[in-house]
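Subject: Structure handover

Hello,

Here is the structure I promised you. Please open it before you read my notes.

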Amino acid sequence: MSAGAIAVRPAARFSPAEWVSTTDHKRIGILYLVSAFAFFLLGGLIALAMRAELAAPGLQLTDEQGYNQMFTMHGTIMMLLFATPTSAALANYLVPLQVGTADMVFPRLNALSFWLFLFGGLIVLSGYVAAGGPPDIGWTGYPPNSELPYSATTGTDLWIVGLALTGVASILGGINFTATIYTRRAPGMSMLRVPVFTWTVLVTSILILFSFPALTAALAMLLLDRRFGATFFLPAAGGDAILWQHLFWFFGHPEVYIVILPFFGILSEVIPVFSRKPLFGYRAFVFATIVIGVYSFTVWAHHMFTTGAVANPFFSITTFIIAVPTGIKFFNWIATMWRGRIRLATPMLWCLGFIYIFLFGGITGIVLGSPPLDYHLHDTYFVVAHMHNVLVGGTVFALFAGLYFWFPKMTGRRLSEPLGRIHWAAWVVGFPLTFLPQYQLGAIGMPRRYADYSADAGWTLLNQLSTAGSLLLGVGVLVFLVAVGLALRRPPDQPDDPWGGNSLEWWAASPPEHHNFRTIPPIRSERPVFDARERLPGEGRA
Amino acid sequence: MSLIRRVLALDDPQETRFWWFLSAFAFGIGLLYWFVSREPAGSVLLLAFGLATGVMAIVLSLQPVSRVVRERARGDRPGVRSATRDASGGGTADVERPFLDEEGRFPAPTTAPLAVGAGVALMALATIFGPAPAIVGVLPFAWGVSTWLSSARAELDVVEDIERIEAARVARSRGRR
C-alpha cells in the first residue's frame with residue numbers, strides 16, 4: 001500500500017477465542033490497555049466518591065473505615081493496576097514495531113505476563129466481596145497498621161497476594177522487553193539509533209527487574225507475618241516496621257520512574273512530529289533517561305525523612321540532583337518546539353498540557369526534597385497534590401497524547417479532533433482546579449487520608465474547588481469514551497502514516513499485519529521513516 | 001593501554017557497557033551510602049543491585065558474539081560467525097547488534113499462558129484459603145505447562161528441520177561447483 005493512499009477497509013470480526021489465545025504482541029498490548037483503562041475508570045470513580053465526601057464538612061457518603069478503604073483502593077488501582085500496566089500496554093504494542101521485528105522474543109511469556117497481571121488485579125479487587133471488605137491500610141501498606149492485629153480483613157491478604165502476582169507479571173514483562181530490544185533490533189539499528197520511546201522502555205524494564213523483587217519480598221514477608229506467625233515487621237515481637245519502608249520505597253521510588261519514563265518517551269515521539277523537527281539533543285535525552293533510571297535507586301528514603309531513621313542530608317542531595325536530568329528533558333522538548341512549524345493537533349495539545357502540569361509536580365518535588373520543609377508538609381494535602389501533579393500529569397496527559405497519536409496505527413481509525421479538544425480542555429482546566437487548591441490545603445495543615453474536617457478550619461472552599469475540578473476531569477473522560485466509541489463504529493480509513501511519523505511503526509500498515517513488516521527501510525538514524533520519506537518523496541513503500 | 005581498555009570494558013558493545021556502568025554506579029553509591037549512614041537495609045539493597053547488574057555484565061561479556069565485537073575493536077579476525085551484515089551496506093550490523101538473535105516461528109494461538117496464569121493465581125490463593133484453591137489450580141497449571149512445552153518443542157523441531165534442509169541444499173550447491 002502506498003504511503004499516502006487512503007482506502008476504506010472492512011472492519012475485522014471480533015472473536016473472543018482469538019483474543020484469549022493470542023500471543024501477538026499487538027493484541028496483548030491492546031488487552032493490557034483495555035484492562036488498565038477499566039481499572040483507571042474504577043479508580044477514577046473511587047476518587048470522585050472521595051472528592052464528594054470532602055466537598056463539605058461532616059460525613060456524607062461513608063464512615064472513616066469506608067474512607068480508609070477508598071483511598072487504599074484508589075491508590076493501589078491507579079499506581080499498580082493502571083499506571084504501570086499502561087506503559088506495559090504501549091510498550092507491548094510499540095516496541096517490536098519500533099525496533100523492526102515481528103514480535104517479542106518470548107511471545108507466550110508475554111501472554112502469561114498479561115494474564116498474571118489481570119488475575120492479580122482481580123484478586124486485589126476481590127477484597128470488595130471478602131469478609132471485612134477491601135484493605136484499609138493505604139496503598140503503601142505500612143506495618144504495623146497492615147499487620148493482622150490492626151487490619152483483620154481478608155481484603156488485606158488478597159491485596160498482598162494480588163500485588164505479588166502483578167509484580168511477577170511486571171518482572172516477566174521486563175525480561176521480555178530487555179531481551180527483545182537487545183536481540184531483535186533491525187539491521188543498522190545501533191543503540192544510539194533506537195527510538196526514544198523504546199529507550200525509555202529499556203530503562204524502565206531494567207528498573208522493574210531490580211526494584212519489583214524488593215516489593216515482592218516485602219509482600220511475602222508481610223504475608224508470613226499475617227498468616228504464618230512471623231514477626232518481620234512487628235516491633236512488639238522484635239520486628240522492624242521501618243524495614244518495610246526501606247523495602248517498599250526501594251521499589252516505590254524507582255516505580256515513580258517506571259511509571260513516568262515511558263510517558264516521557266511518548267512526548268519525545270509526539271513533539272518532534274508535530275513540530276516538524278528532529279528531537280533536540282537525542283543523545284542528551286538518552287543519557288538523561290539512563291541517569292534518571294539509575295539514580296532513581298538512590299532517592300528512596302526521601303519518603304522517610306520524618307522517621308528519623310535515615311540519613312536525611314544524603315537523600316536530600318540525591319533528590320535535588322535527580323531534578324537535573326529531568327530538567328534536561330524539559331529543555332529537549334522546548335528546544336524541539338523552538339522555531340518548529342508546530343501543528344496544534346490533539347496529541348500535541350496533550351503534550352503541551354503535560355509540560356505545564358508536570359512542571360508543577362517537578363518544582364514541588366524540590367520543595368519536598370528539603371527535609372525542613374518536608375517535616376512541615378509530610379502527610380498533608382501538599383504531598384497529595386505533588387504526587388498527582390507528577391503521576392497524573394506524568395501519565396494521563398502523556399497517555400492521552402499517545403492514544404490520540406497511535407490510535408490510527410492501532411485501529412486504522414482516527415479519534416475525533418473536536419471531541420479530543422473538548423476532552424483536552426476539560427483536563428487542562430480541571431486538573432489545576434483539582435490540585436492547586438490542595439497545595440494550599442496542605443500548606444495550611446489539612447492532613448491527607450482524613451474523611452472529615454471541621455467547618456471552622458477554613459478548608460471548605462478550597463475543598464469545594466477541588467471537587468468541582470475533579471468533576472470536570474470525569475466529564476473529560478466521558479468525552480474520550482464517546483470519541484473512542486464513535487471512532488470504532490467507523491470502518492478503518494487511515495493511511496499507514498497519517499501524521500508524518502519518524503520511527504518504524506509508521507512504516508507498517510495501519511493496523512499492522514500479524515508479522516508487522518514486509519520490508520524495512522535502511523536504518524541510518526533514529527528517524528528511519530523520515531529518512532525514507534525524504535529520500536523517496538512521493539514513492540510508496542515496497 | 002590494552003589493560004585499561006579491558007578494565008573499563010571499552011571494547012565491549014554498548015549494550016554490555018551499559019550493565020558495567022549500572023554495576024559500578026550501584027557499588028559506588030552503595031559503599032558511599034554505607035559510610036554516610038551505617039544503615040544496613042539500604043546498603044544491602046544497593047550492593048545487591050550492584051551485584052545483580054555485575055552478574056548481567058559478566059554474562060553479556062562472555063557471550064560468544066559479543067566477543068566478536070571486542071576482537072573487531074582490537075583488529076583481530078573474528079573467531080565465531082558474525083551476525084548478518086546490513087543489507088543496505090550502510091551499517092555495520094554485526095557490531096551494532098552484537099547478541100545472537102533467537103530465531104523462531106510465531107507460536108500458534110494457545111490458551112496455555114491463560115491456563116498457567118489462572119493456575120498460578122489459584123495456587124497463590126492457597127496461602128489465604130488453605131489447600132482447596134491449590135488443588136483446583138494445579139489442573140490448569142499442569143495442562144498449561146505441558147501444552148506450552150510440547151508446542152514449543154514442536155516449533156523447535158520444525159525450525160531444526162528447515163535448517164537441516166537448508167544446510168543440505170547449500171552443501172549440494174557447493175558440491176556442484
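This is a predicted model: local features need pLDDT of at least 70, side-chain atom pairs count only at pLDDT 80 or more; totals for chains, interfaces and linings use all residues.

Residues are numbered from 1 along each chain as its sequence is written, with chains lettered from A and ligands numbered from 1 in the order in which they are written.

**Core.** The largest nonpolar core has 198 residues. Such a core is a set of buried Ala, Val, Leu, Ile, Met, Phe, Trp, Tyr and Cys residues joined through C-beta atoms within 7 Å. Buried means that 20 or more other C-beta atoms lie within 10 Å of a residue's own, with C-beta atoms placed from the backbone. A:Leu165, A:Leu267, A:Val270 and A:Ala401 touch the most other members.

**Helix α9(A).** Helices here are DSSP runs (H or I, at least four residues), numbered from the N terminus. α9 of chain A covers residues 312-337. Its buried residues include A:Phe314, A:Ile322 and A:Trp333. Among the elements covering the buried residues are α7 (241-275) of chain A and α2 (14-37) of chain B. Just after α9(A), A:Arg339 takes a positive phi of about 60 degrees.

**Helix pair.** α2 (residues 25-54) and α14 (residues 460-489) of chain A pack at about 155 degrees, with axes 9 Å apart. Axes are lines fitted to C-alpha atoms over the stretch in contact (C-beta atoms within 7 Å, placed from the backbone), and angles run from 0 to 180 degrees between N-to-C directions. α2(A) and α14(A) are therefore roughly antiparallel (angles over 145 degrees).

Best wishes

Conventions. A residue is buried if 20 or more other C-beta atoms lie within 10 Å of its own, exposed if 12 or fewer, and partly exposed in between; C-beta atoms are placed from the backbone. Helices (H or I, at least four residues) and strands (E, at least two) are DSSP runs, numbered from the N terminus. The expected span of a helix is 1.5 Å times one less than its number of residues. Two residues are in contact if their C-beta atoms, placed from the backbone, lie within 7 Å. Angles under 35 degrees count as roughly parallel, over 145 as roughly antiparallel, 65 to 115 as roughly perpendicular and the rest as oblique.
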